[in-house]
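Subject: Structure handover: helix packing, pockets and cavity

Hello,

The structure is below, followed by notes on what was found in it. Please read the notes with the model open.

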Amino acid sequence: MFLDKIVANTKEKIKQRREQVSLKEIKNRLRLRDEIKDLKAVLTDSTLGLIAEIKRASPSKGLIRKKFAPVEIAEEYSANKVAAISVLTEGDFFQGSLEYLRKIRGVTDLPLLRKDFIIDSYQIYEAQAYGADAVLLIVNILTEEELTEYIDLTRRLGMKALVEVHTASELEIACRAGAEIIGINNRNLKSFETDITQTLQLQELLPSNKVIVSESGISNREDVKRLTTVGIDAVLIGETLMRSDNLSQKINELLGRSEENDSYEN
């Protein structure tokens, strides 16, 4: 399975990075807790939070954005008042980089999510040191014990975890592990097919005290309205934005804003 290949590659990359920079050195670079932005707070403060993603490529779609300037994209996202920014840091399959995260942290005060295949606590310390305020934790690639441990670690570092699920059984695991922000991935990680009805089905099973994020396959205003109607707190959108030649226009379109006053349509 392709996901197994990514995880195996990630393990090897972590081993290499540990040899280059020790965990002790990474810990010495950690930011103060009061420097960290609260992802959960911004997602619950707005009518619908948009986590706008910075992603150059993906295994299923190949190169998504030819003219790729992550810092400029982050600045445009900030100017258009998105809730938070997701930064792909996986290098071999998504052409991401931790350096993107560090540089983007220097130009925005928005919460930053490190989106990667987190399978080792080293990556969470790394994320905090490089400027992330939250990390993606994928239930599919972690044991329940690991998930619980990593959620606890993010809290101790002053961060938040976006815990990603795709099935009802994964949702149960996320809730038992103590997840506060749950991302429902509309993409099947085995087939890479997307269907936003996955969010509509699973959100009915979630306790009311969880923050719900719909991820993947959200391509137009109608998709967003459909998700908003059932009480989704936020959407994470990557490819639709990365394929757009006019980010400002696309954000306004997706969120139903009038360009004159940034208000939301009903």
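The axes of helix H4 (residues 70–79) and helix H5 (residues 98–105) come within 9 Å and cross at roughly 45°. H4 is therefore oblique to H5, oblique being what is left once angles under 35 degrees (roughly parallel), over 145 (roughly antiparallel) and 65 to 115 (roughly perpendicular) are taken out. Axes are lines fitted to C-alpha atoms, for helices over the stretch in contact, with angles from 0 to 180 degrees between N-to-C directions. Helices (H or I, at least four residues) and strands (E, at least two) are DSSP runs numbered from the N terminus.

This is a predicted model, in which local features need pLDDT of at least 70 and side-chain atom pairs count only at pLDDT 80 or more, while totals for chains, interfaces and linings use all residues. Residues are numbered from 1 along each chain as its sequence is written, and side-chain values use heavy atoms, with hydrogens and water left out.

In the contact of H4 with H5 (heavy atoms within 4.5 Å), Pro70, Val71 and Ala74 of H4 meet Tyr100, Lys103 and Ile104 of H5. H4 also packs against helix H12 (residues 247–255), at an angle of about 45° and with the axes 10 Å apart; H4 and H12 are therefore oblique to each other. There, Ile73, Glu76 and Tyr77 in H4 meet Leu247, Ser248 and Ile251 in H12.

On a 1 Å grid over the protein atoms alone, a cavity is a set of points where a 1.4 Å probe fits but cannot get out; a pocket is an open set with protein on both sides within 12 Å along at least five of seven lines; lining residues have an atom within 4 Å of a point. Grid points are joined across faces, edges and corners, and a volume is the space filled by probe spheres set on the points.

The largest pocket has a volume of about 510 Å³. Its lining has 32 residues, of which Glu53, Lys55, Lys115, Arg187 and Ser216 are the closest to the centre. H1 gives the most to this lining, with three residues.

The second largest pocket holds about 250 Å³ of space. Of its 17 lining residues, Lys13, Arg17, Thr89, Glu90 and Gly91 are the closest to the centre. H1 again gives the most, with six residues.

The structure holds one cavity of 30 Å³ or more, and the largest cavity has a volume of about 60 Å³. Residues lining the largest cavity include Ile151, Arg155, Met159 and Glu180.

Regards
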